Amino acid sequence: MTKKLFVKTYGCQMNVYDSARMADVLAAHGYASVETPEEADLVILNTCHIREKAAEKVYSELGRLNRIKQARSSEGRRMMLAVSGCVGQAEGGELLRRAPFVDLVMGPQNYHRLPDLLRRAETRGVVDTEFPVESKFDHLPEARTGTAADNGVSAFLTIQEGCDRFCTFCVVPYTRGAEYSRPVTDVENEARRLIDLGAREITLLGQNVNAYHGAQRGGEFSLADLIRQLAELPGLERLRYTTSHPRDLSADLIAAHGDVAVLMPFLHLPVQSGSDRVLKAMNRQHTADHYRHLIGELRKARPDIALSSDFIVGFPGESKAEFEATLELARDVDYAQAFSFKYSPRPGTPAAEQGDQVPDGIKSERLDALQAVLARSQAAFNATMVGRTLPVLFERPGRHANQLLGRSPYGQWVHADMPGDYRGRIADILITEAHTNSLAGQAAAAANPGLAMAQAAGVAEGPPA
Ligand code: SAH
Ligand code: SF4
Ligand code: F3S
């Protein structure tokens, strides 16, 4: 009999990828995915530990799920409740003590053991936060779903996991473990499979993806080597990668942005702070000027590259002047988009132990000031798109009939009314409106039907560039 599975995902894209792979493992054991926890025989919360708020959400969600579980149980039906991901790894047995109605707690490296863990969890609570010697990637079944957020057009592919950088604010090295790169053939096989399943764009994922060094015939491939190889795969139109660390941004990767056509002109390169003193205290191992230099090199290689970053405000000891250095860097780089957060002390990380924590009120003020600068840059960037024709890869239906939603090369969402089902296809779109988080446009041919007909008949030159 088919069992029903509901997975709720928090956190980064790597969790999105992992959730899809857990669904794949369980599909091989008779589970089919459903849309709500109420119908599910098994609910998995795939969690994030990065900031306190993210972790606390898990407990409130668990309370809600426990009520559903009790209601089902009074009807004589069992609902198994599992917690996976970074909160599972960080809290382990403590989570079972706080929420004894949970059946299974596991860390991100153990998903290939899911069927076995579930069997054991039928009789008593089970915790598996061991870092196994074998890699989950070698033991998970082949990808069956597009491993994309909610469609098969743009797919995620984890190529690197874990982190050895130990930034002093960050839990990832503890929750995901040591850095590990998947061998090149594995990545290539999975990419081929995703393309067969309909993917036209692949985003290569890793906590520190540009530290990738995958085994390849007795040697090693860098991320740039891997990108050059994947770029040759028939059917693959777009490649992206995330997240990168400035210290691991090599010259060959910068060069790839200049000459690999399928590599999209967008890079998320988190800087965190514009102050050298703070960067040092964060153990980021580079200066603000080194970061500016990298941005300059990237723009030399690919002049239209759109840049994105993460920022933390209110790191312990951050002075007003140090925060202003962050504002200055944000203005200088002029980001196309960015994420910014108030520093959140995380148990077990060095920065959380520091005595000079910044009061929350100051953190909030700084966050507002930074977000105002970032929002201005983003709006200005989006505004420059109006009047341009961009190749848009359509992914899914929009809110209205005939409307489709796709992405520009720079990663912006674009809405357009399309004359047919363009999902999975790239079309030239004339951008007519810029909003805060998206663009709107129309099919370039539809925008100027006379010209399109003339071009088709071969009697007109294209519009001046
Ligand atoms: N590997 C990525 C970041 C992963 S976490 C990198 O090195 O850039 C995503 C973002 O969350 C980080 O870039 C950082 O800006 C933010 N973050 C991580 N720990 C945090 C903390 N303790 N408080 C606030 N923000 C944090
Ligand atoms: Fe965390 Fe730093 Fe590693 Fe990124 S590089 S995952 S911020 S420790
Ligand atoms: Fe969160 Fe873990 Fe990703 S802490 S950001 S889910 S690596």
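Q: What makes a residue count as being around ligand 3, and which residues are these?
A: In this predicted model, the residues around ligand 3 are Cys12, Asn15, Thr47, Cys48, His49, Ile50, Cys86, Val172, Arg176 and Gln207; each is listed because one of its heavy atoms lies within 4 Å of the ligand.

Q: How do you know how the shell around ligand 3 divides into nonpolar, polar and charged residues?
A: The division is five nonpolar, four polar and one charged. Arg176 belongs to the shell, and Arg counts as charged, whereas Cys, Val and Ile count as nonpolar.

Q: Which domains does the shell around ligand 3 draw on?
A: Domain 1 (3–136) and domain 2 (143–264) each contribute at least three residues to the shell.

Q: Why are strands E2 and E6 called edge strands?
A: The six strands form an open, parallel sheet in the order E2-E1-E3-E4-E5-E6. Strand E2 (31–33) and strand E6 (126–128) each pair on one side only, and are therefore the edge strands. Neighbouring strands of this sheet are turned by 20 degrees against each other on average, direction ignored.

Q: What makes strand E5 and E6 a pair?
A: Pairing requires at least two bridges, and three bridges join strand E5 (residues 104–106) to E6, so the two parallel strands qualify. Leucine 104 stands opposite valine 126 in E6.

Q: Which strands does helix H5 touch?
A: Helix H5 (residues 114–121) packs on the sheet, touching E2, E3, E4, E5 and E6, and its direction makes about 145 degrees with that of E5.

Terms used:
Residues are numbered from 1 along each chain as its sequence is written. Chains are lettered from A and ligands numbered from 1 in the order in which they are written. This is a predicted model: local features need pLDDT of at least 70, side-chain atom pairs count only at pLDDT 80 or more; totals for chains, interfaces and linings use all residues. Side-chain values use heavy atoms; hydrogens and water are left out. Helices (H or I, at least four residues) and strands (E, at least two) are DSSP runs, numbered from the N terminus. Axes are lines fitted to C-alpha atoms, for helices over the stretch in contact, and angles run from 0 to 180 degrees between N-to-C directions. Contact means heavy atoms within 4.5 Å. Domain bounds come from an automatic or database domain assignment.
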